[in-house]
Amino acid sequence: MTGCPFGHDQSTLPGDSTPTRPSPRFATWREEAALVPLHYRDGHEGVLVTRYDEAKAVLTDPRFSQQPQRMPCADAPIEAGVPPGPLDEAGLLADRSGNILGFDGAPHVRLRRAVTRRFSGRSARTHRPRIAAIVAEQLEVLIDAGPGADLLALYAEPISIRVHALVLGVADHLLDRYAQDYVHGAPLQQQHDLLREAVAHRREDPGEDVISDLLANDDLTDAEVEGLLHMLSMSGRDTVAYMISTGTVALLEDPEQYRLLTQDPEMVPAAVEEIVRFCTMFLTVFPRTATEAVTIGDVTVESGTTVSVSAVSANRDERRFPDPDRLDVLRDARGHLAFGDGPHGCVGQQLARVELDEAFRALVTRLPGMRLVSTEYHRPTPLANPVATYAARPVLVSW
Ligand code: HEM
């Protein structure tokens, strides 16, 4: 079964959520219990964590394993949105070796350490001038297209893929193909072939980037290098594009919130935390398996239980965020779980914060009169599987 066991039975995970308005069923569940039963597509039953404190407890507890082989359907692909198509032996080995989302403990730490340097707060700040330049260029493209332009296609997606290529070290002459393969999708083999070209280029011409770091790391195998790069190319890119476009919709739907930022763009960094909380993309993060009996709040889950944390629900928990369904750019939203938490918390979150800061700052500064023309965000859609996330949609804006 494709995506098993990460797919959810839609009858138990509500399908009527939209990115700015989660299904009311989450609030009902939170009221009832911190943990509710959840059916997975292969038929087995686990639990969904609905409340903030319990969600944080699971994400930070090493007794929950992220290894897919612990799941009932052990041979499942582990990545969200795994593209179709056959893959050569080297590619298969790479994806098995480098996907840090599927490792626990020391093997996970070893791989994660190989990439964290380029995603630290300091490194993200170093990239800020280039990110600001990319944002400024894309804003000109949006403005040139004229009122009614699609902010997702002309602004959010190009910013995310260009910054991704910059930080990873994908050479400029490969950028168009990289964007094509990873934004619009391509067979798995084609994606791996492109990464091999990008790696070969950096072998000849090293720089200050992730690929060059990985190549200089004698501790890593070629398969791990390719696997890490593929995993990094699959993660983070669509999430940043989603957050720029969804955050814009949320701000324009509540024009007073947008106006506050136009009056004082210095408020944007704090507002980013609230936007990320309010527009949380992961209805569920990657499922975990309890490696022993674990008590969460007042419930004990048995060893072997599959546990999915709903970041969307946790970030709308009224116990942690008063009046949670209101976007409030003046709120202190730090501590939200939109980037996950614990050992698998988002590697790229400092970089993402800089991208979002620059992207929203440019909009409120250059287009203070921006309005929403139309968006498809309000139409509920089937959740993207295998991990349940929202997907970005066109956002037509005027100014
Ligand atoms: C607004 C943008 C982003 C959001 C909302 C986001 C969200 C998340 C979440 C929720 C997780 C945890 C998943 C889990 O625990 O099951 C995660 C992990 C991860 N993210 Fe992000 N992410 C974003 C940007 C990025 C960027 C820019 C990168 C850089 C390439 C990135 C790379 C990763 C990686 C590698 C992991 C796995 C970490 C591990 O397993 O140790 N993300 N992200």
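Which backbone N or O atom lies 3.0 Å from an oxygen atom of the ligand? That atom belongs to Phe286.

The model is predicted; local features require pLDDT of at least 70, side-chain atom pairs count only at pLDDT 80 or more, and totals for chains, interfaces and linings use all residues. Residues are numbered from 1 along each chain as its sequence is written, and side-chain values use heavy atoms, with hydrogens and water left out.

The ligand is surrounded by 28 residues; a residue is counted if one of its heavy atoms lies within 4 Å of the molecule. His108, Arg112, Arg288, His344 and Cys346 are the closest. Helix 4 (105-116), helix 10 (222-234) and helix 11 (237-253) each give two or more residues to the shell. Helices here are DSSP runs (H or I, at least four residues), numbered from the N terminus. Helix 11 contributes the largest share, three residues.

By composition, the shell holds 16 nonpolar, 10 polar and two charged residues. Ala, Val, Leu, Ile, Met, Phe, Trp, Tyr, Cys and Pro count as nonpolar, Asp, Glu, Lys and Arg as charged, and the others, Gly among them, as polar.

The disulfide count is zero, with a disulfide taken as a pair of cysteine sulfur atoms within 2.5 Å. Cys279 is in none; its nearest cysteine sulfur, that of Cys346, is 16 Å away. Cys279 is buried (under 20% relative accessible area), at 0%. Cys346 is partly exposed at 28%, between the buried limit and the exposed one (over 50%; 1.4 Å probe, protein chains only).

Terms used: Polar contact = N/O pair within 3.5 Å; in protein donor to acceptor, adjacent residues only side chain to side chain.
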